[in-house]
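Here are my notes for you, written as numbered points. Have a look at the model first, then read along.

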Amino acid sequence: MILIFDYFETILNTKSMDFNRGLYVFWESYYREKCPFEDMKKYGEDLFEVLLEKHRGGEEYPFVKNELPLFAKKFGGDKVTMSAEEEADFLMRCNDFVLDPEIERFLQKCSQMNIPMYVVGAHNAGIKSAWLNKKNGNDENGWATYNIASADQLITILEGEYEY
């Protein structure tokens, strides 16, 4: 099993992002009777600009925690709650991704070497971790065993760690 958590496009590259693909399904489910989709779309575009600004500053802007209450306040009704699965489904509707080619090579190499991977808070679990640090950020907590600039370095680490 391979569990991958990707933040800020480290292993997935966005081919296209259209917030309205997800927002439309959200509107159909919760706000169809409260407002026209065009109104929700315009407000969603305003909130999307806030998200982009947060991302430029290296921060997250959680949809469920931060945005959902704003839709309820703007258009009426109770705050909509979403499970993690529903939020993931919403986000997948918005984004069209492609796997970074070097990550794909790395995963194929792991498969060839019969290496299972479990990525869940590697540092706290005592597992060696590689930070794919494309922006040359500072590992202030010192959590990364390997701090690499490109995904192609993963295979070099892999070959150095495992005999095959």
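1. Where is the place of N20? N20 sits in helix α1; helices here are DSSP runs (H or I, at least four residues), strands are E runs of at least two, and both are numbered from the N terminus.

2. Before going on, a word on the ground rules. This is a predicted model, in which local features need pLDDT of at least 70, side-chain atom pairs count only at pLDDT 80 or more, and totals for chains, interfaces and linings use all residues. Residues are numbered from 1 along each chain as its sequence is written, and side-chain values use heavy atoms, with hydrogens and water left out.

3. Back to N20: is N20 buried or exposed? With a relative accessible area of 15%, N20 is buried (under 20% is buried, over 50% exposed, in between partly exposed, using a 1.4 Å probe and protein chains only). Leaving out residues up to four places away in sequence, N20 touches F37, K41 and E45, where contact means heavy atoms within 4.5 Å.

4. Now for the largest nonpolar core, which has 22 residues. Such a core is a set of buried Ala, Val, Leu, Ile, Met, Phe, Trp, Tyr and Cys residues joined through side-chain atoms within 4.5 Å. The members that touch the most others are L23, F26, Y31, M40, F63, F71 and F75. Two or more residues each come from α1 (19-30), α2 (37-56), α3 (63-75) and α4 (84-94), and α3 gives the largest share, six residues.

5. Take a look at M40. Beyond its neighbours within four places in sequence, M40 is in contact with L23, F26, W27, Y31, C35, F71 and F75. There is also a second, separate core of 13 residues, with L107, M113, L154 and I157 among them.

6. How do α2 and α3 pack? Their angle is about 145 degrees and their axes are 11 Å apart; axes are lines fitted to C-alpha atoms, for helices over the stretch in contact, and angles run from 0 to 180 degrees between N-to-C directions. On the α2 side you'll find D39, M40, Y43, G44, L47 and L51, meeting E67, L70, F71, K74 and F75 of α3.

7. Finally, α1 and α3 pack at about 60 degrees, with axes 14 Å apart. That makes α1 oblique to α3 (under 35 degrees is roughly parallel, over 145 roughly antiparallel, 65 to 115 roughly perpendicular, and the rest oblique). F19, L23 and F26 of α1 make this contact with F63, E67, L68 and F71 of α3.
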